[in-house]
Amino acid sequence: MSLEDKVGQVMMVGFGGTEVDDTMAHLVRERRVGGVCLFKRNIADGEQVARLNAGLRALSAGGVPPFLTLDQEGGSVVRVRDGVVVLPGNMALGATRSAELAYAAGLAQGQDLMRLGFNMNLAPVLDVNLNPRNPVIGSRSYGDSVALVSELGRAFVRGQQEAGLVTVAKHFPGHGDTDTDSHTALPILHTPREEVLAQMEPFRDVMREGLDGLMTAHVALPGLTGDDVPATLHPQLLQGLLRERFGFTGLVLTDELEMDAIARRYGVGQAAVLALGAGADMVLVPWRAEKKAEVYGALRAAVLSGELPRARLDEAVRHILAVKERRGLFSPPAALEERLATPPSAENEEVAHRIARAAVTLLRAQGEHLPLTPHARVGVITPEASLGTAITARAPRARVLAVPTWPERAQRARLRQRARQLALGSDVVVVGLINAYQLELVTLAASTGRPVVVVSMGLPYLAEQADEARAVLAVYSYQPSATEAAAAALFGEIGTPGRLPVGLSRLHFGAGLDAPRREQARVRP
């Protein structure tokens with residue numbers, strides 16, 4: 001390979017369209033980029049993205065095929081919905097305590113993404129969510145227990161890799177104890193050395209089982225390194241700790257170098273040079289075209305000047321090629337039309353429902369308000385329409401008020417009036433909870449004297465604050481599988497087997513109540 005080929009191979013790029021354009025064709029065909037990362041902006045539906053992936057792969061005919069990747073975590077991070085299983089998310093899996101379901105989730109998702117032409121997924125998240133104020137991880141984590149994250153992470157990775165999908169876990173060395181979003185600023189964790197090392201255990205555990213790759217976090221760990229250099233650029237963490245002490249020989253991919261935590265302080269081009277020098281193998285540059293050119297030029301110049309040793313570049317390329325060879329990227333995939341003619345697996349879709357039903361956690365039950373009865377006048381106030389749909393399917397007299405997740409201030413007085421009227425005309429009010437705005441609606445509904453039941457579709461830390469609610473269910477997700485499970489539990493069709501995957505101020509890790517089931521309740525598929 002030429003120097004230029006090698007520089008291209010260590011770049012993971014993105015673009016702005018839903019079809020292959022001239023810019024993308026140049027990057028794959030001429031620059032020989034090692035990977036392409038797709039986002040929502042690139043995806044209209046399953047068939048479209050399958051054709052896009054086929055077109056991107058065709059550009060490298062006769063050369064090294066690119067990684068074709070996305071962030072498909074489930075829960076709040078879903079890039080493609082059509083033709084694939086949409087998982088409730090990691091915290092829902094954490095509430096199930098089931099390694100069997102985590103393995104099934106990884107296998108099902110891997111199979112579905114492979115059918116659409118992807119060969120890599122930037123998941124699972126292995127950060128331990130220790131900080132309730134974490135703005136970037138939250139329900140993307142399996143929980144706040146190192147042991148739980150390790151157990152479920154190992155199972156998920158095993159399933160996804162057995163499906164043949166290159167698996168890149170994130171965000172090493174851990175983004176779970178932060179209260180800063182690295183998209184906007186550099187998180188600096190003043191955590192003692194031993195605690196930092198303990199939070200890395202999930203990553204070490206999946207490495208031991210043959211993990212394909214890791215994505216780095218833009219976090220500084222002065223308790224471990226003695227300075228505020230981000231892990232993405234730190235030789236002590238990538239080369240010293242990850243490579244030499246932990247013995248990891250797989251692929252190391254940076255998080256986006258265009259994030260402010262990196263770009264403002266170092267510049268994207270220089271950061272790419274520092275990342276490769278520190279031990280990373282690929283740099284992610286998904287957004288601006290000029291930044292891709294800057295990175296390519298900076299890496300090439302650094303090798304020619306000796307700032308970045310050729311041996312380090314060669315090592316990075318070998319890591320990339322080894323993963324591509326191991327996961328079969330050099331073999332042609334099944335024909336596109338054959339894959340498109342294969343319908344999505346109903347069995348894979350059922351995995352999402354199995355997880356959602358096993359995750360339902362009853363946090364509070366005061367009085368005999370559960371299960372709801374089909375003839376009750378149920379008022380539903382929710383920012384997620386699928387919750388209202390699931391409830392009205394069971395209670396024909398139910399009325400639904402859809403509210404924005406974060407309404408404009410000018411909307412709020414009108415919404416409060418409508419919510420009050422709905423509550424006054426109801427026997428019981430169900431409020432869907434995602435953020436602090438819906439807590440105001442819980443208080444409003446309770447002020448009418450009607451019993452209020454909360455369905456928490458986000459982080460359970462907030463659900464604990466719904467003091468006026470007579471009952472609180474946590475499902476950890478607003479995906480349709482989760483809201484369907486919530487409705488089934490409300491009406492006594494299923495139990496509430498889930499247990500808290502994080503500790504709250506008033507409820508301990510593992511807490512959860514068993515809700516009564518309605519005799520001969522109709523169990524839905």
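Which residue follows H21, and is its phi positive or negative? The residue after H21 is Gly492, and its phi is positive, near 75°. This is a predicted model.

H21 covers residues 480-490. Nine of its eleven residues are buried, so the rest of the structure largely encloses this helix. The buried set is Ser481, Ala482, Thr483, Ala485, Ala486, Ala487, Ala488, Ala489 and Leu490. These residues pack against two helices, H16 (346-359) and H17 (385-392). They also pack against strands S12, S13 and S14.

**The six-stranded sheet**

S12, S13 and S14 belong to an open sheet of six strands. The order is S9-S14-S13-S12-S10-S11, and the pairing is mixed. S9 (361-365) and S11 (399-402) stand at the edges. Each has a single partner strand, so one side of each lacks a neighbour in the sheet. From one strand to the next, the twist averages 15°.

S9 pairs with S14 (residues 471-474) in the antiparallel sense, over four bridges. Within that pairing, Leu362 has Leu473 of S14 as its bridge partner.

Further in, S12 (residues 428-433) and S13 (residues 452-456) pair in the parallel sense over five bridges. Here Leu433 stands opposite Ser456 of S13. H18 (residues 409-424) touches S10 (378-382), S11 and S12, and its direction makes about 165° with that of S11. H19 (residues 436-446) touches S10, S12 and S13, and its direction makes about 170° with that of S12.

S6 spans residues 213-216. In a regular strand, side chains alternate between the two faces of the sheet. In S6, Gly213 and Met215 point one way, while Leu214 and Thr216 point the other way. All four are buried.

S6 has parallel pairings with S5 and with S7. S5 (residues 166-172) pairs with S6 over four bridges, in the parallel sense. Phe172 has Thr216 of S6 as its bridge partner. S7 (residues 251-256) pairs with S6 over three bridges, again in the parallel sense. Leu214 has Val252 of S7 as its bridge partner.

**The H12-H13 contact**

H12 (residues 268-278) packs on H13 (residues 289-305) at an angle of about 50°, with the axes 8 Å apart. That angle makes H12 oblique to H13. The crossing is right-handed. From H12, the contact uses Val268, Gly269, Ala272, Val273 and Leu276. From H13, it uses Lys291, Glu294, Val295, Ala298, Leu299 and Ala302. By class, the contact has eight nonpolar, one polar and two charged residues.

Arg32 and Arg97 have positive phi values although neither is a glycine. Arg32 lies in the loop between H2 (22-30) and S2 (35-38). Arg97 lies in the loop between H4 (90-96) and H5 (99-115). Arg326 sits in H14 (residues 310-326).

| Residue | Relative accessible area | Class |
|---|---|---|
| Arg32 | 38% | partly exposed |
| Arg97 | 28% | partly exposed |
| Arg326 | 43% | partly exposed |
| Val149 | 0% | buried |

Phi is about 60° at Arg32 and near 60° at Arg97. The C-alpha atom of Arg326 is 30 Å from that of Ala293, 33 residues apart along the chain.

Where does Val149 lie? Val149 is in H6 (residues 146-162). Leaving aside neighbours within four places in sequence, Val149 is in contact with Leu126, Asp127, Val128, Ser141, Tyr142, Gly143 and Pro202. Its C-alpha atom is 22 Å from that of Thr232, 83 residues apart along the chain.

**Cis peptide bonds**

Which residue is joined to Leu370 by a cis peptide bond? The partner is Pro371, with omega about 0°. Pro371 lies in the loop between S9 and S10. The bond from Ala123 to Pro124 is also cis, with omega near 15°. Pro124 lies in the loop between S4 (120-121) and H6.

Terms used
Residues numbered from 1 in each chain as written. Predicted model: local features only at pLDDT ≥ 70, side-chain atom pairs only at ≥ 80, totals over all residues. Heavy atoms only, no water. Buried < 20%, exposed > 50% of the residue type's maximum accessible area, 1.4 Å probe, protein only. Pairing = 2+ DSSP bridges. Axes fitted to C-alpha atoms, helices over the stretch in contact; angles between N-to-C directions. Parallel < 35°, antiparallel > 145°, perpendicular 65-115°, else oblique. Left-handed = near helix turned anticlockwise from the far one by under 90°. Contact = heavy atoms within 4.5 Å. Nonpolar A, V, L, I, M, F, W, Y, C, P; charged D, E, K, R; others polar.
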